[in-house]
Amino acid sequence: VEEAIQHVRRDWVIAMLVGLCAGIGVFVHLQSQKPVYESTAAIVLLQSTGRDLNLQTMKPAEPSEYNLPELVNNMRIELESDKFRLSLYRALPEELRMQVIGSLSPGDKDLGEQARFLDRIDQQINIETLKDSHVVALTAKHHDNKVAAELANAYVHHFVEFVAAEELVKTRKVSEFLKSKADGLLANVRTMEAELLQIRKNEGVVSMQTGTDLASNMITNLNTQLVAAKLKEEQLQDTLFLIDQTDNNPEELLKVPALAENDVLAAAYAKLVGARENVAALSMDFRKRHPNMLVAVSQQALALDNLGKLVTQSVGSLRRQLQTTQTKVRGLERKVDVAMREIVATSNKSIGHQLKEQQLKDSRDLYSRLVKQMNEADIALQFEGADHIRVTEQAMVQREPVLPRKSLSAVLGSLAFASCFFGIPLTLGFGRRM
């Protein structure tokens, strides 16, 4: 130690001059780098929307404390999706879009403008879910503090508009489908009313009590089974129509009521959400360097694949049920037709009159249900303006950059000075000894 102190005392002037030059050089170099500014905006997923309708139970499907974390995680995934970012690309003003893309680098020559935008936005946007909350924070980075704030605000506001537009399209499709079914059924009801009036006129019979004889009971029972089978067929067709509107996305298919009530699919989706939360937690704390990241990503992929297989099996089961029900309907129609011919042969026309009345009643009930569902869908369209995703914090223009920081540059400059001040004398001293 004494020898080292002697070396420092001998060459301290040279070491101090070199150290000062090195420290000042490091400080000036770091401070001359392009500044990086950050601006943060936040959005929140509200608990109750009042718009997600279950068209079988006719009740709003309101989020609960149990599934809200899943919805927040899904919202974060959608915020990072290329589909939304391409929509943002088309919506941004040209000046802001070009500032986000920046200058053309040598590696971007083969990329189009949209691909460069996706690459830059992935580097400039950071999305995090605040712990134990329904809030997602979005941070934009840029060399211009105004551009960073404008980009963060444009990102979250366009996401609110994007989600509202997507939900509006889905609800409008359901409303149009229900309207077409209701119109067709109303025309059928009017036709049956006209036929019933003609039968009453021809027979002079107003009604007939059920169970007057064995033939009447047989026809009534067959007709009851036929109506029940047709109702089931309508329900299956409606469910499969909703499934066909989801583009075979397993997570979107789970929003269909018939699949959402499946316990096996609910358990598989819960595993997928758990795997995603594990990946998100590892990414937030350790980025991609955590040793368990590969295992977590693999578990997430397996959970998603398992969910897709189970959803496919469930959809296939529904299609097979529809085929079976249609076969049953055709069989019952043949039985009813045979029974009717036998009764007509015995000149018992009152049974036909009664069946026509029962069919008319069932058709009117089914039409009333469809009208009720259609009204609920129209109400949902009217509530599209009620935000369930809301911007809670606007991004502000920051005066101080996050990089470079004067304090950090000063510390690194001091380290450079200390290294030279002590390193040079010791190196020269040991050199003389050699």
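Me: Which residues of α5 are buried?

Reply: This is a predicted model, where local features need pLDDT of at least 70, side-chain atom pairs count only at pLDDT 80 or more, and totals for chains, interfaces and linings use all residues. Residues are numbered from 1 along each chain as its sequence is written, and side-chain values use heavy atoms, with hydrogens and water left out. Buried means under 20% relative accessible area, exposed over 50%, partly exposed in between (1.4 Å probe, protein chains only). In α5 the buried residues are Arg116, Phe117, Leu118, Arg120, Ile121 and Gln124.

Me: What should helix α5 span?

Reply: Helices are DSSP runs of H or I with at least four residues, and strands are runs of E with at least two, numbered from the N terminus. The expected span is 1.5 Å times one less than the number of residues. Helix α5 (residues 113-124) has 12 residues, so it should span 16 Å. Its end C-alpha atoms are 16 Å apart, which agrees.

Me: How many disulfides are there?

Reply: A disulfide is a pair of cysteine sulfur atoms within 2.5 Å. The count here is zero. Cys21 is in no disulfide, and its nearest cysteine sulfur, that of Cys420, is 9.0 Å away. That is too far for a bond.

Me: Is Cys21 buried or exposed?

Reply: Cys21 counts as exposed because its relative accessibility is 59%. Cys420 is buried, at 18%.

Me: In which sense do β4 and β5 pair?

Reply: Two strands pair if DSSP finds at least two bridges between them. Strands β4 (residues 125-129) and β5 (residues 135-142) pair in the antiparallel sense, over five bridges. Thr129 has Val136 in β5 as its bridge partner. The two strands form a hairpin with five residues between them. In the turn, Asp132 has a positive phi of about 55°.
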